[in-house]
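Here's a friendly walk through one protein model, for someone meeting it for the very first time. Have a look at the sequence and the structure, then read on.

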Amino acid sequence: MPRASRFRGRRSIVIAVGALAVLLAAAPFVPRGDDDHGAVSPSAADPLILEHATAGASAVTPAARAEIERLVAQGQRSGRTVSARTAPTALASTQVRCADFEGQTYCLHAGWTEDSPAAVVAGVAAEATRLAARPTAALAGTGDQDLLTTLRESAALSPAARASADRAELTQAARAVAKVWLIRHQIEGVPLPAGFLDQHPEVRADTAPSARTAASPAASASTAASASPGASPGASASASPSASPSASPTTKSWGEYPERAQILNKRRVAEQTRTYYCGPTSMQMIGWNWTGKEHSQEFWAHKLGTTSSGTAITDMVRVTNNNTGWDNAAHAGPYIVLDVKKFTFGQWWLLNMRHLVDYKAPLIFHPVLLKQFYPYLDDDASGHFQVGRGYAKRGNKPNLVGYFEPWNQQRFDPSEPYISRVQWRNAYKSYRANEAHFQHNIGV
């Protein structure tokens, strides 16, 4: 987790003309109402602009390797004292171990986070305890594996198998550290550490003339303005400081993105054939849209390790990285599991736009499938996966996100309404559905 104390005494790198603009200084515009519808070096004349920057895979440095082995050794020490029957709090403390990679925190089975390791473990312990005590008639499952099951599966492995799995997950995380820093910088305005670009030549950036034109004040004001969820459509809004024509922001504002964007072929879609197959079906659509070849849901279930308990988001990211090219440096770079609990709606929305316009790559949505967020549902359901593939800015009307929906309730109960694969829905509700999931993370 980035902390001010980690950078005390260190100069933050100057990466563009003028001061670094902090994105969305005011609370973001929140839509109202329902709607169902290769590395480069800068010169003095051409400063480095990171607004379009992406990052390929990072090298696993000796420091990162030592951190990985430290966590693996911790797991081996506790390996023979835990099993699938271990109490939830002990499962959390032994299976959820956190690494520090260049000042960013990654926790096994949880992903990249801005919380402290102690807070992550405490939160997982509380959730695992709640899940252990829940009645059997819980929300209908659609295929998202809950955390307690993930921890029990990890604990059930032999010490050698668990060490191998942990080492693989942590190595994948270490190879994404430059991407994590870029997202923190581009979306949250966190300064990059000194020497970042020298240390990470895998960052692909643009140069721009020093007389770069800032976004128009009108566009910036309409998109980075502040309004509360309950405000009337005519409520006044004030522009972010970065909207000033004299500023030279190093990251994009909402207004600099096109009004609408979408990727992926809407004919390369499928509905899940089993109630617990939202993971394999989402992966089927992600892979099909990369290769043009449709593999079966069973093919993807095998790669994901899906069971009747569902699929973990860490496996969704792993398989996307290992079996498609969406993770190459020309697209998203290594996919990561990113905790977005502290993101405002504006930051979540900006992450979507960056991914679709700058990366031209799908997102792995991880919401809770509740009727309050998705009016096409006949019943509330569990955590879920969807494939993010578009957005539409609509002024004073609610903004929309486009995604592929693998869940069709009618397949399993003919009395329930049909759900289409191709969806364009209220973006704020999708954000809230992401927030409502205990893990509040996303695959990007």
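This is a predicted model: local features need pLDDT of at least 70, side-chain atom pairs count only at pLDDT 80 or more; totals for chains, interfaces and linings use all residues.

## The disulfide and a third cysteine

Let's start with the cysteines. A disulfide is a covalent bond between the sulfur atoms of two cysteines. This structure holds one, and the disulfide links Cys98 with Cys107, at an S to S distance of 2.0 Å. The torsion about that S-S bond is about 105 degrees, so the disulfide is right-handed.

Are these two cysteines buried or exposed? Cys98 is buried, at a relative accessible area of 13%, and Cys107 is buried too, at 0%. Cys278 is another buried cysteine, with a relative accessible area of 0%.

## Two residues with a positive phi

Most residues other than glycine have a negative phi. Glu102 isn't a glycine, yet its phi is positive, at about 55 degrees. You'll find Glu102 in the loop between β2 (98–101) and β3 (104–107). Its relative accessibility is 28%, so Glu102 counts as partly exposed.

Lys360 is also a non-glycine residue with a positive phi of about 55 degrees. Look for Lys360 in the loop between α12 and β8 (363–365).

## The nonpolar cores

How many residues does the largest nonpolar core have? It has 88, and Phe101, Trp112, Leu338 and Ile442 are the ones with the most contacts inside it. Helix α12 (residues 345–359) gives the most to this core, with nine residues. Apart from it lies another core, made of 16 residues, among them Val82, Ala92, Val96 and Cys107.

Setting aside residues up to four places away in sequence, Leu338 touches Trp112, Ile183, Arg184, Phe343, Leu351, His440, Asn441, Ile442 and Val444.

## A buried lysine

Lys179 is buried but has no salt bridge. Which side chain of opposite charge is nearest to Lys179? That's Asp327, 9.1 Å away.

## Strands side by side

Next, find strand β9 (residues 386–392). Seven of its seven residues are buried, so β9 is largely enclosed by the rest of the structure. Strand β6 (residues 260–262) runs antiparallel to β9, joined by three bridges, with Ala261 facing its bridge partner Tyr391. β8 pairs with β9 in the antiparallel sense as well, over three bridges; here Leu363 has Gly388 as its bridge partner.

β9 also joins β10 through five bridges, and these two run antiparallel. One spot to check is Ala392, which stands opposite Leu400 in β10. From there, β10 (residues 400–404) pairs with β11 in the antiparallel sense over five bridges, and Val401 has Arg425 in β11 as its bridge partner. Strand β11 (residues 422–426) is mostly covered, with four of its five residues buried. As you trace these strands, remember that in a regular strand the side chains alternate between the two faces of the sheet.

Notes:
Residues are numbered from 1 along each chain as its sequence is written. Side-chain values use heavy atoms; hydrogens and water are left out. A disulfide is a pair of cysteine sulfur atoms within 2.5 Å. Buried means under 20% relative accessible area, exposed over 50%, partly exposed in between (1.4 Å probe, protein chains only). Lys and Arg count as positive and Asp and Glu as negative; His and the chain ends are not counted. A salt bridge is a side-chain nitrogen of Lys or Arg within 4 Å of a carboxyl oxygen of Asp or Glu. A nonpolar core is a set of buried Ala, Val, Leu, Ile, Met, Phe, Trp, Tyr and Cys residues joined through side-chain atoms within 4.5 Å. Contact means heavy atoms within 4.5 Å. Two strands pair if DSSP finds at least two bridges between them.
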